[in-house]
Structure formats: C-alpha cells, structure tokens
Amino acid sequence: MGALEKTPRRLGSGQLRCPYCGLPQDRVATLEYDWVMLEPDMAPLAHTVPAEHRWIELSDGRVTVYGVCPPDQFQRCRIEHRLACPAQPLPDLWPWLTALRGENARQTERDEPEPPPPPAQWPDAG
Ligand SMILES: [Zn+2]
C-alpha cells in the first residue's frame, strides 16, 4: 500500500520551452489523445493539489487527471506548468473558495452600516 512505482518509461513525450516564460516543460500525452504541458521534476502529494489539477502517470507513460476522492495519502501527482509559470496568471484553483469569497463580498456590502442620518433640519420658514 502506497508503494511508489518506478518512474514509468515515457513514450512520445519530450520537453518544450514555455512560450510565456521560456522555462522547459514536459509535453506529455493524455488518455484523451491530447497533450498537456507538465512541470518537470515536480511530483507533489496528490492531496496537496486541487482535485482537477492532479495528473498521474500511467504505466504506458500517458497521464490522466487523478479523480480518486479522497486521494490516497501517498499518491504523488504531476502539475501543469501553467500553475507554476511566472509569466501566466494563476487559474482559478479553488472554484468553491472563489465563490465563497464572492458571496462574502456581497454580504459585507449588505451589512455595511447605514450612514448616519443627516442632522434634522427644519424647513426654512423664510
Ligand atoms: Zn512558463
């Protein structure tokens, strides 16, 4: 349990430079017959990475999003370079947290105390 597999042989992958920051990134085939650019030499524990951003390597060298929830305590994963790229804006990693922040922002607006009423003024009797 939790045994780490040896690094699988990589097929059809190579490194390309990021067009934004110029750093190398691993070009890896996905199960969906697409490509994903992964951060090289980076394998954080899966549970420290937001669920939709965990890529795990399969035995044939392809990668797929690790959908097991909750993740295995010892499972390591890969992350996309764009999450680590200094030249790209960070995507919305925790959508529910962003939604909560928006909700809280609306709540603070609602709870804003009413400005004190202006001092009563009698109508000018002329
Ligand atoms: Zn980059």
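**A tour by selection**

Begin with arginine 27, whose bridge partner in E3 is methionine 37. This is a predicted model, in which local features need pLDDT of at least 70, side-chain atom pairs count only at pLDDT 80 or more, and totals for chains, interfaces and linings use all residues. Residues are numbered from 1 along each chain as its sequence is written. Element names follow DSSP runs, numbered from the N terminus: helices are H or I with at least four residues, and strands are E with at least two.

Next, select E2 (residues 24–29) together with E3 (residues 35–38). These strands run antiparallel and are joined by four bridges; two strands count as paired if DSSP finds at least two bridges between them. In the hairpin that they form, five residues lie between the strands, and tyrosine 33 takes a positive phi near 60 degrees.

Glycine 14 stands opposite arginine 27 in E2, and arginine 17 has proline 24 of E2 as its bridge partner. Six residues separate E1 from E2 in their hairpin, where glycine 22 in the turn has a positive phi of about 85 degrees.

With the three strands selected, the view shows an open sheet in the order E1-E2-E3, with antiparallel pairing. E1 and E3 stand at the edges with a single partner strand each, so one side of each lacks a neighbour in the sheet. On average, neighbouring strands of this sheet are turned by 40 degrees against each other, direction ignored (axes are lines fitted to C-alpha atoms, for helices over the stretch in contact, and angles run from 0 to 180 degrees between N-to-C directions).

Move on to proline 50, in the loop between E3 and strand E4 (55–57). Is proline 50 buried, exposed or partly exposed? Proline 50 counts as partly exposed because it has 15 C-beta neighbours inside 10 Å. The classes are buried for 20 or more other C-beta atoms within 10 Å, exposed for 12 or fewer, and partly exposed in between, with C-beta atoms placed from the backbone.

Then display Leu93 and Trp94, the residues in contact with proline 50 once its neighbours within four places in sequence are left aside (contact requires C-beta atoms, placed from the backbone, within 7 Å). Proline 50 and tryptophan 94 are 44 residues apart in sequence, with 6.7 Å from C-alpha to C-alpha.

Finally, select helix H2 (residues 95–111).

Conventions:
Expected span 1.5 Å × (residues − 1). Contact = placed C-beta atoms within 7 Å.
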